[in-house]
Amino acid sequence: MAPPHFLLAPPVVLWSHLSASARPIHGLVLLQGGEEKTRYCTDHLELFRQESYFAYLFGVREPGFYGAIDIASGQSILFAPRLPADYAVWMGEIKPLSYFRDTYKVDMVFYVDEIAQVVQDRFGDHGKPLLFVLHGRNTDSGNFSKPASFEGIEKFDTDLSTLHPILTECRVIKSDLELALIQYANDVSSEAHIEVMRRARPGMKEYQLESIFLHHVYMYGGCRHCSYTCICATGDNSAVLHYGHVAAPNDRTLNDGDIALMDMGAEYHFYGSDITCSYPINGKFNSSQIVIYNAVLKAHNAVISHMRSGVNWMDMHKLAERAILESLRKEQILQGDVDDMIAQRLGAVFMPHGLGHLLGIDTHDPGGYPEGLERPKDPGLSSLRTTRELKEGMVITVEPGCYFIDALLTKAREDPISSKFFNWQEVEKYKSFGGVRIESDVYVTAQGCRNLTNCPRETWEIEAVMAGAPWPLPASSSMAAAAENSNGISKAL
Ligand SMILES: [Mn+2]
């Protein structure tokens, strides 16, 4: 598959936001790109990845840049670092400024050491130009973006509060070009997930599954980065929500009978994907795996069938909880009234994380809680990375999960009100089950939504693909499998 052309449209959206503001704004948006870093005290350079807001506005891959946009005219300017002559020996050609102008489609390019002079000379007609710099909190991490700083900035007035909420809101709604990149990252990653599930066998290590994924997205998709550290959890590790980090490094041996929870997504030209597939390592779902898997799939599909612009994300989270709780009740893992369970926040015992998050240049793309929207406090709901109303053009992950986490089950058991909803004898059977998550990346439209992820999701589709069937399944075999499956259900009923 051919990657989409990576150049993004000039930042027309930002410009129209700023120039349409109630008071006429004169000045420049000024952003500082990311800096290359070495490993601690050494001279080992870590592979650079551009800061996300800078990537959004300018698409520049290289470190050490600044970028500006004149609000009155919409003109864009890049400031490139002046590289030492030695660079040509060790790093390659020192590119002329015209290269950056042509590559990144800006109006002008100067050197970083010329910023103060260029800003004053070219944009100082109305006196001192005001500089809008980026300062604001990321609502997922709590960290603040770093406002631009350069030699001579003290000669100008700076505005620290206007830009961040506007630029963040621009990033929430994806353009067609951004969507094409997210779709490409999804196509490559969906394929890689399928390759992993085909090659998974008992006796392998979790990191070998990670390695197959990384190889596939790089070798066949040109994706040098992933959106996040791969989570390749099997057996009871699949109940560890952020497994795969350096202290839990995907190093368990795969056993016959294990469930696998694979959360992996590649990034292409800054834009990411975030996909989770869950399946049995031996290629055949056992009865308890079918129960939990189908509970989660029901939630996943129910949410996607209700999504469209205007729908509130917290309602979707509760819809997912309801689907999971109803399934668990049907299997007599839970007992009592599902509305009472939701009121008691029982959903959070099985799904302690939020239903999904905005996705784009960052895996947890910003804009989930704009000014004035408070994060809920209730268990489970407090983990939501957004409680916004969906809007056409958003890309958001749908990732319900159902996990058997000892710490949460023990707590529920000790609580006299929660405890009575559980059939503890049944729960005991799932003690070392782990968990299941199904995650797709979904584009919101006015009428509904479009799932950008293309992985086998039904249990029979997964079993067929793991047994070597092509994906998508040929029409005839998938109809036969569907018929067989519905027979199975009618027999069971
Ligand atoms: Mn996710």
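User: Why are helix 7 and helix 16 called roughly perpendicular to each other?

Analyst: In this predicted model, helix 7 (residues 176-199) and helix 16 (residues 459-466) pack at an angle of about 70°. Angles of 65 to 115 degrees count as roughly perpendicular, and the pair is therefore put in that class. The axes of helix 7 and helix 16 are 8 Å apart.

User: What makes helix 7 and helix 16 meet, and which residues are involved?

Analyst: Two residues are in contact if their C-beta atoms, placed from the backbone, lie within 7 Å. On the helix 7 side the residues are Ile194, Met197 and Arg198; on the helix 16 side they are Ile462, Val465 and Met466.

User: Into which domains is the protein chain divided?

Analyst: The assignment gives domain 1 (12-172) and domain 2 (176-457). Their C-alpha centres lie 36 Å apart.

User: How many residues does the contact take from domain 1 and from domain 2?

Analyst: Domain 1 supplies 13 residues and domain 2 supplies 16 residues.

User: Which elements give two or more residues to the side of domain 1 that touches domain 2?

Analyst: These are helix 2 (52-58) and helix 6 (163-172). Helix 6 gives the most, with 5 residues. By class, the side of domain 1 that touches domain 2 divides into 4 nonpolar, 5 polar and 4 charged residues.

Note on methods. Residues are numbered from 1 along each chain as its sequence is written. This is a predicted model: local features need pLDDT of at least 70, side-chain atom pairs count only at pLDDT 80 or more; totals for chains, interfaces and linings use all residues. Axes are lines fitted to C-alpha atoms, for helices over the stretch in contact, and angles run from 0 to 180 degrees between N-to-C directions. Helices (H or I, at least four residues) and strands (E, at least two) are DSSP runs, numbered from the N terminus. Angles under 35 degrees count as roughly parallel, over 145 as roughly antiparallel, 65 to 115 as roughly perpendicular and the rest as oblique. Domain bounds come from an automatic or database domain assignment. Ala, Val, Leu, Ile, Met, Phe, Trp, Tyr, Cys and Pro count as nonpolar, Asp, Glu, Lys and Arg as charged, and the others, Gly among them, as polar.
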